[in-house]
Amino acid sequence: MARVVVDVMLKPEILDPQGQAVQRALPRLGFEGIADVRQGKRFELEVEGPVDDAALSRIHEMAETFLANTVIEDFTVHVDEPAEARS
């Protein structure tokens, strides 16, 4: 099985109150030097069968219609390489 990752983030022009709260808390916790924080969502999909162009197109459609609110969010779709390939 292959893993496909869909990352969903608020569009840059949309305020991110959760990201702002994290950013304000970081210095109080001793983490300095962070200029901005944006919070998003990550979906990891285990795909049965090959991840070909048709499968990626279907996942893109799924992300566009169900996983992301495209009025306020952007998303990316990519195939995640196995952990042993990253080493």
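The face of helix α2 that is turned away from its buried side carries the exposed residues Asp-53, Ala-54, Arg-58 and Thr-65. Here exposed means over 50% relative accessible area, buried means under 20%, and partly exposed is in between, using a 1.4 Å probe and protein chains only. Helices (H or I, at least four residues) and strands (E, at least two) are DSSP runs, numbered from the N terminus. The model is a predicted one, in which local features need pLDDT of at least 70 and side-chain atom pairs count only at pLDDT 80 or more, while totals for chains, interfaces and linings use all residues. Residues are numbered from 1 along each chain as its sequence is written, and side-chain values use heavy atoms, with hydrogens and water left out.

Helix α2 covers residues 53-67, which is 15 residues. At 1.5 Å a residue these should span 21 Å, and the end C-alpha atoms are 19 Å apart, which agrees. The expected span is 1.5 Å times one less than the number of residues.

Which residues of α2 are buried? They are Ala-55, Ile-59, Ala-63 and Leu-67. Seen down the axis of α2, these buried residues fall within an arc of 80 degrees, so they line one face of the helix. The arc is that of the directions from the helix axis to the C-beta atoms. An α-helix has 3.6 residues a turn, so residues three or four places apart point the same way.

What do the buried residues of α2 pack against? They pack against the strands β1 (2-10), β2 (40-47) and β3 (73-80). Contact means heavy atoms within 4.5 Å. Ile-59 gives an example: leaving aside its neighbours within four places in sequence, Ile-59 is in contact with Val-4, Val-6, Leu-45, Val-47 and Val-77.

The strands themselves come next. Three strands form an open sheet in the order β2-β1-β3, with antiparallel pairing. Strands pair if DSSP finds at least two bridges between them. The edge strands are β2 and β3, each of which pairs on one side only. From one strand to the next, the twist averages 20 degrees. Helix α2 packs on the sheet and touches β1, β2 and β3, and the direction of α2 makes about 150 degrees with that of β3. For such angles, axes are lines fitted to C-alpha atoms, for helices over the stretch in contact, and the angles run from 0 to 180 degrees between N-to-C directions.

On one side of β1, eight bridges join β1 to β2. Asp-7 stands opposite Arg-42 in β2. Eight bridges also join β1 to β3. Val-6 has Val-77 in β3 as its bridge partner, and Val-8 stands opposite Phe-75 in β3.

A nonpolar core is a set of buried Ala, Val, Leu, Ile, Met, Phe, Trp, Tyr and Cys residues joined through side-chain atoms within 4.5 Å. The largest one has ten residues: Val-4, Val-6, Val-8, Leu-45, Val-47, Ile-59, Ala-63, Leu-67, Ala-68 and Phe-75. At least two residues of this core come from each of β1, β2 and α2. In soluble globular proteins, nonpolar side chains tend to be buried together.

Leu-45 lies in strand β2. Apart from neighbours within four places in sequence, Leu-45 is in contact with Ala-2, Arg-3, Val-4, Val-6, Ile-59 and Met-62. One of these, Ala-2, is found in strand β1. Is Ala-2 buried or partly exposed? Ala-2 has a relative accessible area of 21%, so it is partly exposed.

The other helix described here is α1, residues 17-28. Its twelve residues should span 16 Å at 1.5 Å a residue, and its end C-alpha atoms are 18 Å apart, which agrees. Gly-19, Ala-25 and Leu-26 are buried in α1. They cover an arc of only 130 degrees around the axis, which puts them on the same side of α1. Pro-17, Arg-24 and Arg-28 are exposed on the face of α1 turned away from the buried side.

Gly-19 counts as buried because its relative accessibility is 0%. Not counting residues up to four places away in sequence, Gly-19 touches Val-37 and Gln-39. Gly-19 and Gly-40 are 21 residues apart in sequence and 8.8 Å apart in space, C-alpha to C-alpha. After α1 comes Gly-30, whose phi is positive, near 90 degrees.
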